[in-house]
Amino acid sequence: MRKSILVAGATGNLGNRICRELIKREATVSAIVRPSTDTLKIEALLKMGVLVMKVDMKSTEELAKACQGKDIVVSALAGLDDVIIELQKRLLDAALKANVPRFIPSDFCTDYTDLIPGENRNFDLRRVFKAYLDSTSIQASSVFNGAFADILQYNTPVLNLENRSIGYWGEKADWKLDFTSVDDTAAFTAEVALDNKAPRDLQIASFQISPNMLWNLVKEITGEAFSLRQLSSMEDFADFIKKQRADNPAGEKELYARWQQSQYMYSMFSTRHHQLANWRYGNLTWTTGLAYLRSFVR
């Protein structure tokens with residue numbers, strides 16, 4: 001019997017791909033969107049085979065109607081507290097009201113459970129919602145994918161193709177960082193959505209790679225020895241982030257303020273995944289670090 005799945009955040013990059021992976025697995029997929037959503041984004045979902053429902057996201061009643069008869073609600077929402085906490089709470093309350101048995105929250109990031117609260121603003125928002133989610137009777141599963149591999153293309157200090165450098169903080173040249181491609185994250189999430197026995201937390205990574213390993217792979221691809229350097233101690237990096245945040249109060253209303261980007265980097269070097277669940281679904285093929293780097297490193 002086909003699973004009936006409701007996806008929130010389906011017009012986003014990850015949500016769209018989760019829908020695609022669910023359709024490939026012959027699930028019946030519905031998506032809730034705001035009435036003001038771009039018609040081109042709605043048309044893309046309809047063409048894929050997704051049933052699209054325009055819903056007032058501030059109405060628990062309308063959300064509950066959309067949840068009726070669903071086997072699971074998958075949230076791929078992105079935003080600040082009004083979305084990650086408040087909207088997800090309404091969506092969860094609606095799912096409970098409609099007797100939906102399972103829920104996947106928008107926890108697509110590093111597993112923040114071992115991080116100190118306050119080290120990453122966006123993770124703290126997820127932590128608040130997690131506490132609310134775990135106080136309910138619904139069966140929840142979080143997918144922790146580390147960092148999306150896309151950030152390796154953005155000339156961050158970890159890999160900067162413009163100045164041909166690879167950087168790290170602390171004594172962590174051999175610290176393995178967790179990266180997962182958006183496609184791999186979507187495919188795994190689709191499997192979790194169809195898996196009634198999925199556990200509460202699942203850590204994944206397409207590849208785990210240290211700055212030293214990254215240096216070697218980039219050299220293999222380009223034949224060039226990039227500069228590999230320690231950027232600062234972790235303590236100095238933490239102090240820098242605090243000052244950066246204090247100097248930019250407007251960033252509190254920005255999803256990816258510069259200090260928040262720095263917090264992501266700090267988190268990547270503070271915690272990592274030790275219990276990968278990649279093996280759980282044998283039909284998945286994971287992107288390798290070398291293959292991913294070859295796609296854009298020149």
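Which residue is the bridge partner of Val73 in S5? In this predicted model, local features need pLDDT of at least 70 and side-chain atom pairs count only at pLDDT 80 or more, while totals for chains, interfaces and linings use all residues. Residues are numbered from 1 along each chain as its sequence is written, and side-chain values use heavy atoms, with hydrogens and water left out.

Strand S4 covers residues 72-75; helices (H or I, at least four residues) and strands (E, at least two) are DSSP runs, numbered from the N terminus. Ile72 and Val74 point one way from S4, while Val73 and Ser75 point the other way. These residues are all buried, that is, under 20% relative accessible area, with exposed over 50% and partly exposed in between (1.4 Å probe, protein chains only).

Strands of a sheet pair through backbone hydrogen bonds, either parallel or antiparallel. Here, two strands pair if DSSP finds at least two bridges between them. S4 pairs in the parallel sense with strand S1 (residues 4-8) over four bridges, and Leu6 stands opposite Val73. S4 also runs parallel to strand S5 (residues 102-104), joined by three bridges, and the partner of Val73 in S5 is Phe103. From S4 the chain crosses through helix H4 (residues 81-97) to S5 in a right-handed β-α-β crossover: with the strands pointing away from the viewer, the path from the first strand over the helix to the second runs clockwise.

S10 (residues 177-180) pairs with S12 in the antiparallel sense over three bridges, and Leu177 stands opposite Ile209 in S12.
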